[in-house]
Amino acid sequence: MTATGIPLTPRPQPNPRWAAARRPRVGVVKFSSCDGCQLTMLDLEDELLAITERFEIVEFAEATSNRSHGPFDVLLVEGSISTSDQAEEIVQLRHQATSLVAIGACATSGGIQALRNLGDHDAFRKAVYPNPQWIEALATSKPVSEYVAVDAELYGCPISGRQLLELLTALTVGRRAQLPDEAVCAECKRLGNPCILVTHGVACLGPVTRTGCGALCPSFGRGCYGCFGPRESANTPSLGDWLRTIGYGDDEIAREFAKFNVGAPAFRQMVEDKS
Amino acid sequence: MTTSPHRLGTLEDKLAAAWLTHGVRPHMRGVLAALAESRPVAAGQVLFREGDLSDFLAVVLAGRIGLRLRVPERGPVTILTVEPGDVVGWSAVVPPYRATSTAVALADSEVAYFNGVELRAALDEDDSLAAEFYPLVLRAVARRLEGTRLQLLDLFSQRWVEPW
Amino acid sequence: MVNPNQTAYFLPRGDLDLLIQSLRSDDRDVVGPHVRDGALVLDEIESATDLPVGVGALNAPGRSNIVEGDGTRVFDQPPGAMSWKRWTFPPRVTQAVWTDSEGPIPARQIENPPRHITRKAFLGVRACEIAALRIQDKVLMGGPVVDSDYVARRNDNLIVAVECAVAGGTCFCTSMGTGPEVTDGFDLALSELDDGFVIRVGSPAGWLIVEELPVTPATDGQLADARASVSRVRDQMPTTVATEGLPQQLIAAAESPRWQQIAERCLACTNCTLVCPTCFCTSVSQHSDLDGRSASTERSWDSCFTLDFARVAGGNFRPRTADRYRQWLTHKFATWTEQFGSFGCVGCGRCITWCPVGIDVRDELMAIAPPSADPVRIELPIRTPIQEQHRPMPWVPATVIDKRRETADAVTLRFRTDYAPLLAGQPGQFVMASLPAVAAPPISVSRFHEDGFELTIRAAGAATAQICALERGEILSVRGPVGRGWPVEQAIGRDVMVITGGIGLAPLRPLLDWLIAEREHIARIQLSYGARTPADRLYTDELAKLARGGIIEVAETVDRAGPEWLGRVGVVTQVIDRVMCSCDRTVAFICGPERMMQATVDVLHERGVPDERIWVTLERHMDCGVGLCGHCQLGAKFVCKDGPVFSLAELGPAFAIEGL
Amino acid sequence: MTHGLAHDTELTDRQFEVGMLTRVEGEGSLTLHVSDGEVVQARLGIFEAPRYFERLVVGRTPDEVIDIVARICGICPVAYQMSAVHAFESLFGVEVSPEVRRLRRLFYCGEWIESHALHVYLLHAPDFLGYPSAIELARDYREVVERALALKRTGNRLVAMLGARPIHPLTVRVGGFSRVPMREELMSLRRALDEALEVALATVSFVAGLEAPRFEREPRLVSLRHPDEYPMNDGRIISNDGLDIAIDAWRDAFEEDQVSWSNALQARTHAGEVYLLGPSSRLTLNSDRLHPRAAEALASIGLADEIRLNPFWSIAARAIELVHAVAESIDIIDGYRRPDRAFEPGTSRPGVAAWATEAPRGLLFHRYVIDDAGLVAAAQIVPPTSQNQAAIEADLTAFAPSILTLPQAQATHRLEQLIRSYDPCISCATHFLDLRIEAPVR
């Protein structure tokens with residue numbers, strides 16, 4: 001279709017849940033994580049100053065010494081919940097936030113550290129620390145949504161700067177953030193990559209992984225490792241069967257899925273079935 | 001569908017015009033008419049209450065009867081209105097003969113009134129009457145069940161859904 | 001030395017580069033086969049050395065490998081990973097662009113961004129791919145509304161076809177009747193022989209190229225070799241899909257358990273649709289910068305395998321993978337024939353080769369729809385001429401001149417416009433409403449005026465909420481009226497039942513206006529209107545007035561109510577099944593959630609109203625409103641342009657089947 | 001500005017606390033207890049929750065480990081991938097092509113530029129200029145912040161060019177990269193790098209003009225040293241007091257132990273001495289290996305001694321390294337020839353894979369035990385911050401007396417500024433396998 005000659009257009013209203021006058025108060029907090037997702041905002045070099053003008057950044061420990069415990073119009077939450085203190089803190093923060101957005105694989109599925117959910121936590125603790133009794137941590141690393149309601153989720157390890165910007169922009173113009181839930185394959189084909197799984201028999205999780213990264217792995221000569229997590233109706237068993245028919249062992253298949261979104265059911269199931 | 005409470009004609013004519021009973025064979029309609037008496041019901045009048053022993057069955061000839069359930073936290077809720085031609089008090093012929101809701105006239109109405117005890121006795125004696133009558137009640141109840149299912153789907157609920 | 005009566009020439013292998021250079025000197029980018037990252041792709045070709053010389057490719061379900069081929073031969077491969085639509089119908093196209101002087105939200109549009117479309121020569125187009133280009137021509141510029149971007153890109157492509165000398169493991173062009181012989185639709189057609197190429201000329205443009213080449217008239221021997229080569233390919237490719245009667249078979253198999261079995265293997269990853277040379281479905285996405293001073297819309301390839309594809313307010317029409325696979329396969333091999341007069345498949349085999357789990361469409365077809373007794377042959381469309389009279393439908397401004405609140409979350413906006421077609425709209429038609437940076441949803445017109453029209457909108461999402469928030473004097477861009485409205489003439493001399501629920505009354509209001517204007521020609525008008533609660537009813541005063549005047553019979557009912565409500569309670573079907581209609585004279589117009597319409601239809605059937613006189617209006621996801629984006633398909637129908645109003649007779653079983 | 005309780009008591013007995021250190025990477029706290037003018041306790045607490053990375057990599061293939069360890073830190077993922085990939089290649093005897101070796105340095109340069117630009121301008125500079133963050137800084141010195149962002153962007157573009165994205169790049173693999181860029185692709189960064197060099201030089205004069213708190217001590221400095229390169233991913237481990245060991249022999253000289261107040265282990269020498277890593281150490285021990293442009297810049301500001309003696313001057317060391325990284329990137333790109341192979345094939349073999357590289361924050365040591373199946377059986381990862389932790393506490397102890405006369409808030413801020421000058425990377429620091437247990441300080 002073509003859209004020609006739209007001479008004039010209305011002004012979309014600011015998000016009705018905000019007072020139009022003041023800048024929305026944005027907070028960025030982290031739990032168990034590598035800081036990469038909040039760093040993604042600082043990596044939006046071209047837009048960072050515009051963001052700080054459009055929004056009032058009231059809490060962002062990595063970037064500013066100004067602190068706030070709320071209230072927040074938008075609270076970006078990085079990291080998984082893996083200690084009892086964190087489990088309490090996230091509930092407090094939820095009360096302070098109009099919109100709570102979980103950002104990144106840790107906050108949306110528990111992150112790579114959720115591998116311990118499948119195993120024996122004590123074994124992990126002992127393996128790393130000589131005095132495990134000094135280490136206070138829960139046996140599981142869980143997504144934020146396991147503890148409080150989340151209004152939106154940005155996926156990825158790390159999240160995509162473009163998607164973060166889309167979320168913030170959508171909030172400002174009051175549109176539904178366009179975060180498609182299609183397979184990585186769709187973007188991979190738009191880019192014109194010949195399927196790496198078909199041509200080279202390389203294990204690629206693209207068909208069961210949510211888009212958003214820009215199909216980076218196949219574009220850079222390797223198979224997708226699922227860092228954006230499973231998409232809707234991710235048919236992981238079928239992909240697993242195919243990988244076996246082209247020569248992958250069950251343990252290899254299990255390891256493919258046992259990565260940064262191992263906490264997501266569709267991936268976790270494959271790890272448990274194959275190992 | 002005009003709902004003027006002052007229609008002319010005999011009770012039998014009125015039953016013939018009613019959705020529930022217009023299919024009944026003429027002589028049976030006569031039998032039914034003989035069992036029934038036409039009664040006016042004033043707006044606001046309660047015909048029976050949820051849990052009461054049902055001692056009558058009525059075919060609404062004009063007006064509107066509301067069926068209500070008590071929801072203590074929310075007050076009475078009208079779940080269905082019985083319109084002219086339809087039956088109210090079917091529980092009078094279905095054990096354990098207890099009203100499943102409270103019936104209130106929402107407008108001045110007219111009903112064909114069947115005494116429960118007499119009606120049940122007549123149905124016990126006259127198999128052909130029973131064979132004619134029970135399907136009518138079943139049909140009416142089945143229709144209500146269908147309607148209730150659709151209501152459960154809450155098709156017009158105001159969910160905040162964003163296709164675009 | 002070129003002789004106009006001669007149409008076949010011979011170009012020595014060593015001079016192939018001269019062909020490429022003459023194409024380039026003709027001020028064209030040459031696109032052709034090329035090996036990149038171990039796969040055969042299409043790419044810009046600067047010289048013959050860019051071509052896959054001595055390269056072969058082995059294709060199988062879910063597998064494609066580059067292999068050593070015959071040392072000197074250039075075109076001994078089956079179709080590669082990409083199709084030509086990448087150039088005629090690119091994956092992403094920026095459409096409208098807005099900028100604004102003072103912000104915060106874009107208000108002024110720059111006309112469509114200037115397109116720099118270079119002339120292109122497509123080198124190495126196979127027979128199946130020529131057929132694919134024709135099919136997309138039919139879809140995208142066959143009218144009534146054309147895709148002007150496609151037209152611009154398709155204009156002036158020079159097609160240098162190549163007749164296949166090898167058959168790929170997934171090829172089935174012989175089944176689909178599209179190849180391997182290249183018969184027409186080309187400017188030049190090459191047949192590769194060991195020592196060179198037989199060149200056939202198919203157009204004046206082709207002549208101009210050949211004239212520059214050191215060609216000699218093809219000898220009978222060379223022509224015979226060329227024919228032999230392609231007929232060998234035909235023999236290598238047994239007919240694997242029996243297309244005769246296939247459409248009918250597939251439609252009949254709509255409820256086959258096989259769909260669910262395929263769904264257990266299908267990844268719904270969209271690969272098959274995006275490598276397909278004929279798939280044309282797209283979505284429009286909104287872009288804007290952070291301070292909202294500029295915005296644009298972008299059209300990008302989409303696929304019927306994504307969840308969002310069939311999403312509408314309130315749900316999704318194809319939630320399950322089985323639904324999506326059935327939609328794709330039945331569209332390609334059944335409903336497409338009804339829409340465009342040919343199959344949507346040309347047998348290139350890409351969907352088989354590039355399926356990550358090797359699902360073979362040939363096997364699935366034969367399993368679901370085994371060959372039938374009563375064959376029906378379907379022909380390819382002839383080359384579609386670019387339809388000059390067809391224009392993209394314009395967006396026009398409409399000014400809000402009145403605003404009325406209907407319910408807690410619905411308003412009626414009255415717009416003024418001087419765009420004649422909008423003033424001449426038919427009851428039941430709708431408009432696309434454009435909100436830059438937000439969305440462009442379809443909205444039914446709820447009344448037509450001499451100087452404009454009305455929209456009744458419920459704030460169900462970001463876009464509708466913003467339209468609801470428009471105030472007097474503000475301007476909305478609309479495209480329309482689009483769609484086929486209510487068949488009002490059917491009401492003449494009949495009893496009319498108008499049955500609707502919730503916001504569904506809005507698209508019926510223009511119909512009521514028409515019926516009332518024609519009152520004396522219509523026996524009886526009964527409106528049955530269901531709402532969730534008394535507070536959710538639209539146009540209450542209007543309806544009350546009409547009812548009082550005895551112009552129409554109005555039966556309103558609500559799903560639930562408190563004691564203060566003395567009106568009807570119950571679903572709308574309970575109203576109509578008590579109506580004593582002389583149903584032999586009845587025509588019914590229905591609008592509401594599909595489930596409610598189904599229940600209503602059941603009752604009407606019981607009362608003996610025939611399908612021909614039961615009219616419903618359907619809701620589907622729409623991104624364009626003019627039959628190009630593909631989202632709104634229901635069986636062979638595009639709801640946006642063939643509907644949204646349909647009679648049950650037109651819809652047939654499609655109305656009852658889940659997930660179509 | 002400070003969190004947790006910060007209560008004034010009489011000058012002789014004071015408690016300074018920062019419940020949550022800001023403008024550092026990860027979650028840490030500071031506790032300093034002074035009694036009778038004596039520092040009785042200085043603790044850099046790390047309450048970042050443990051993620052057990054040494055355990056997460058067990059049972060993984062080397063290439064999987066390279067993907068996983070990147071997730072230890074979002075700011076220096078390249079460093080983690082480099083230490084790991086070099087460790088594996090050294091065990092497997094994989095010799096990468098010279099082009100790939102240069103690309104690896106280019107990759108590392110990108111991360112140094114991005115990380116140093118972030119710290120110098122967005123995290124550290126606000127302390128010197130008296131702003132809570134670069135956001136406020138931008139209100140008064142917009143061009144300074146824009147300059148910083150431009151520099152940072154160029155670093156990120158370099159990393160993304162080679163690694164597909166700046167955070168958690170995905171192309172590093174044993175033997176090389178999964179894909180190497182075309183020459184044109186790299187040349188597309190050339191102009192940005194020329195501008196970046198100007199900005200880096202401007203940064204040097206910018207920091208030279210800052211005023212650092214007075215504080216001097218003679219720390220033990222440790223870094224890599226290479227015969228003819230400024231150290232990044234090759235060389236030997238040396239110190240300013242005579243240490244000189246092989247790059248994979250970290251354990252011969254150092255060890256880690258656990259303390260009760262920290263989820264990170266602390267590293268010391270076998271003799272229990274603390275030591276300092278990072279830009280100041282690297283620069284002091286390798287100033288003769290700087291790129292000429294960087295050497296000029298250092299000479300022009302002549303702060304070499306301050307950089308060695310005063311931790312606050314680490315900002316100058318980073319500025320100099322910025323010049324070096326940009327200048328070297330330009331040289332590498334100008335001389336780039338795309339290798340025929342993106343990676344050399346290598347075959348796994350069992351044994352111990354160990355290596356150290358220079359992360360932006362200092363020496364990063366990895367050690368893996370590979371089993372017969374080619375999978376990791378055990379791992380040790382020693383990031384710079386855990387090695388600096390003890391040195392930071394020692395410096396806090398030494399620095400504290402000089403601020404006792406200041407008001408609480410100001411004094412606390414000074415202490416926080418001191419900690420920030422080491423650019424601690426706390427989520428890195430949280431997780432390590434230990435060798436010998438020492439009783440925690442009580």
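Predicted model: local features only at pLDDT ≥ 70, side-chain atom pairs only at ≥ 80, totals over all residues.
Visitor: How many helices and strands does the secondary structure of chain A come to?
Guide: Chain A has 275 residues, of which 68% count as buried. Among its contacts with a separation of 6 or more, 72% join residues 24 or more positions apart. Its secondary structure comes to 13 helices and five strands.

Visitor: What area is buried between chain A and chain C?
Guide: The contact takes 51 residues from chain A and 90 residues from chain C. Carbon and sulfur atoms give 54% of the area buried between these two chains. That buried area is about 5600 Å².

Visitor: Which residue of chain C forms a salt bridge with A:Glu232?
Guide: The count between chain A and chain C is two salt bridges. In the one formed by A:Glu232, the closest N and O atoms are 3.0 Å apart. Because the criterion asks for a side-chain nitrogen of Lys or Arg within 4 Å of a carboxyl oxygen of Asp or Glu, a Glu needs a Lys or Arg as its partner. The partner of A:Glu232 is C:Arg324.

Visitor: Which element gives the most to the side of chain A that touches chain C?
Guide: Across the interface of chain A and chain C there are 21 residue pairs in polar contact, both residues at pLDDT 80 or more. The elements that give two or more residues to the chain A side are α2 (48-54), α7 (161-173), α8 (184-191), α9 (196-200) and α11 (236-245). With six residues, the element that gives the most is α8(A).

Visitor: What area do chain B and chain C bury between them?
Guide: Here 33 residues of chain B are in contact with 49 residues of chain C. Of the area buried, 57% is on carbon and sulfur atoms. The area is about 3700 Å².

Visitor: Which residue of chain C meets B:Asp154 in a salt bridge?
Guide: The count between chain B and chain C is four salt bridges. In one of them, the side chain of B:Asp154 takes part at 3.8 Å, N to O.

Visitor: Which elements give two or more residues to the side of chain B that touches chain C?
Guide: Between chain B and chain C the count is eight residue pairs in polar contact, both residues at pLDDT 80 or more. The elements of chain B that give two or more residues to this side are β5 (75-82) and α4 (127-153).

Methods
Residues numbered from 1 in each chain as written. Chains lettered and ligands numbered in written order. Heavy atoms only, no water. Contact = heavy atoms within 4.5 Å. Buried area = accessible area lost by both parts, 1.4 Å probe. Polar contact = N/O pair within 3.5 Å; in protein donor to acceptor, adjacent residues only side chain to side chain. Helix = DSSP H or I, 4+ residues; strand = E, 2+ residues; numbered from the N terminus. Buried < 20%, exposed > 50% of the residue type's maximum accessible area, 1.4 Å probe, protein only.
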